[in-house]
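Please keep the structure open while reading.

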Amino acid sequence: MKDRLGFRFVLCSAVFMILTQHRALANSHGVNSEEEEWEMVQRKGQQFTLNGQPFYVNGFNTYWMMTLAADNSTRGKVTDVFQQASAVGLTVGRTWAFNDGQWRALQKSPSVYDEDVFKALDFVVSEARKYKIRLILSLVNNWNDYGGKAQYVKWGNASGLNLTSDDDFFTNPTLRDFYKSHVRTVLNRVNTFTNITYKNDPTIFAWELMNEPRCPSDPSGDKLQSWIQEMAVFVKSLDAKHMVEIGLEGFYGPSAPARTKFNPNPYAAQVGTDFIRNNQALGVDFASVHVYPDAWISPAVSDTFLEFTNSWMQAHVEDAEMYLGMPVLFTEFGVSAHDPGFNTSFRDMMLNTVYKMSLNSTRKGGAGAGSLVWQVFPQGAEFMDDGYAVYLTRAHTASKIISLQSKRLAIFNSLCGWRCKWGCKKKNHTALDALLSHDDEL
C-alpha cells in the first residue's frame, strides 16, 4: 500500500503541475486567475459552484482560532493552521464565530461585545483570505462549550425571564431576539484588517446556524424546525449572497421513519432533529452531516466504525439527491486518540474511507460535495487537543492522504473549469481516470 500510495501521490502531483502550467498560460493570455477564483462560492442544484464550475471541497475544522488569536502570544498558531492546511491543499475551514459569556468571550452579554476579541475574529478571516481558504462560520453552540444555548438561557433568566430548560433557547421570543442580534452584528461587521463587511466577503463560504443543534425536550422535531425556518430566512434577509447551512449531525427523525435504521443508535431519533425535514426549510442551501462512530456506537475502535461510515455517508448522499436536491457536506469526521485500540493506522483508514465515499459521488457529479476533517492542529497547540487533533507536520501518512485527496479534487475541478459543460467528459483523460480511481489503496 505504501509504495503504491507514494506512486499515486507523485503521479497526481505531476498532473497537478500540468494543470497549473495550463492556468499560467491562460493568465498570459489575459485571464486573471487570481481575480476570477476569489469569487463567492455558490450552489447550483446539488453542487457547489465557483464561477459557474464545480467546487468540490476538501476541508478541515479548527474551532478555537478566534480564541487563540485574541492573545498575541498565541496568535501565530492561527497563521500556522492556515499555512499547513494550505500546504496540503485544503480549501475550506470551519471555525466558531461565537464565544458567549465565557473566557475571552466575544459576546460578553446580549449585544455587548469585546472589541479585541472581535478583532481576533477579523484576523482569522483575513488570514484565511491570505491563504486562499474559505470559512464556514458557526454562529452559536448547542453545547455548553463557548457558552452555547445554555448561556443564552442564563442571560434570559438574568433579565427576568423564568426559563427552566436549555431548549427554551429555541422557543422563547427574547432568546430568539438575542440570537438574531448576534447574527446581525457578525454579518454587518466590517473587518478591521481588510475593510470588507463580512456579509460581502467571499472568504466566507457559508453561515452555520448552530453547531450540532439538538432539542431533546421535543422528539417530534417541531420546536427545532420552527427555529430553523425562522433563522435561515432571517440570515438570508441580511445576506442573500452567502450560503446557509444548519449545522446538523445528520440524525433521521419522525419525517423519515424508514431512514432511522441508518442512525447510529435508537437515541439519535429522539433528540429533536430530522435530517430531511430540517434541510427542506426555506433558506437552507446545503446539508451538513457529522461522522463520529466512536462517540455514537462504541468508544472501542473496530471495523464497525468503517462499516457505519460507509452506510451513513451513502444514505445522506442518496437523500440529498432524491429528496433535497442540494449538496451535502460532511462537515466533521474523525476518530479520537483516546479511544481504546486507537492507532494512527486506523485513523488513516478512517480518512481513506471518508475520502473514498466522497470520490464515489464526485466522479458522478453527485451531491456528495466533500468533507472536513476534525481537526487540524499546529505544533504547540497541544493544550487544546480534544483527542481528534491531526498534526499535519508530524502525521506524515495522514498528511499524504489528505494532500492526495486535495489534488484529486483540484484536478477534477480544474478540468471542469476549462469551460467544459457541466458534466464534462473525462474519457480522454486516462491519467485523471487513474488518479480518481479509488480502491483499497486510497
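What is the handedness of the crossing of α8 and α9? The crossing of these two helices, α8 and α9, is right-handed, in what is a predicted model.

**Helix α8 with helix α9**

- Helix α8, which covers residues 173-187, packs with helix α9, residues 222-238, at an angle of about 30°, and their axes are 11 Å apart.
- Because angles under 35 degrees count as roughly parallel, this angle makes α8 roughly parallel to α9.
- From α8, the contact draws on Arg176, Tyr179, Lys180, Val183, Arg184 and Leu187, while α9 contributes Lys223, Ser226, Trp227, Glu230, Met231, Phe234, Val235 and Leu238.
- Sorted by class, the contact of α8 with α9 consists of eight nonpolar, one polar and five charged residues.

**Helix α4 with helix α5**

- Helix α4 (residues 76-87) and helix α5 (residues 115-130) pack at an angle of about 25°, with 10 Å between their axes, and α4 and α5 are therefore roughly parallel to each other.
- The crossing of α4 and α5 is right-handed.
- On the α4 side the contact involves Val78, Thr79 and Phe82, which meet Phe123, Val124, Glu127 and Ala128 of α5.
- By class, the contact of α4 with α5 has five nonpolar residues, one polar residue and one charged residue.

**The sheet of eight strands**

- Eight strands form an open sheet with parallel pairing, in the order β10-β9-β8-β5-β4-β13-β12-β11.
- At the edges of this sheet stand β10 (243-245) and β11 (287-291), each of which has a single partner strand, so one side of each is left without a neighbour in the sheet.
- From one strand to the next, the twist averages 25°.
- Helix α12, spanning residues 303-324, lies across β11, β12 and β13 (368-374), and runs at about 170° to β11.

**The sheet of three strands**

- A second open sheet, of three strands, has the order β1-β2-β3 with antiparallel pairing.
- Here β1 (42-44) and β3 (53-54) stand at the edges with a single partner strand each, so that one side of each is left without a neighbour in the sheet.

**Confidence along the chain**

- The protein chain has a mean pLDDT of 89, and 86% of its residues reach 70 or more.
- Confidence in the chain is highest in strand β8 (residues 134-138), at a mean of 99, and lowest in helix α1 (residues 2-28), at a mean of 45.
- Over residues 18-36 the pLDDT stays under 50, and for this stretch the model has 15 contacts beyond four places in sequence.
- Residues 418-428 also keep a pLDDT under 50, and for them the model has 21 contacts beyond four places in sequence.

Notes. Residues numbered from 1 in each chain as written. Predicted model: local features only at pLDDT ≥ 70, side-chain atom pairs only at ≥ 80, totals over all residues. Heavy atoms only, no water. Axes fitted to C-alpha atoms, helices over the stretch in contact; angles between N-to-C directions. Helix = DSSP H or I, 4+ residues; strand = E, 2+ residues; numbered from the N terminus. Parallel < 35°, antiparallel > 145°, perpendicular 65-115°, else oblique. Left-handed = near helix turned anticlockwise from the far one by under 90°. Contact = heavy atoms within 4.5 Å. Nonpolar A, V, L, I, M, F, W, Y, C, P; charged D, E, K, R; others polar. pLDDT = per-residue confidence, 0-100. Pairing = 2+ DSSP bridges.
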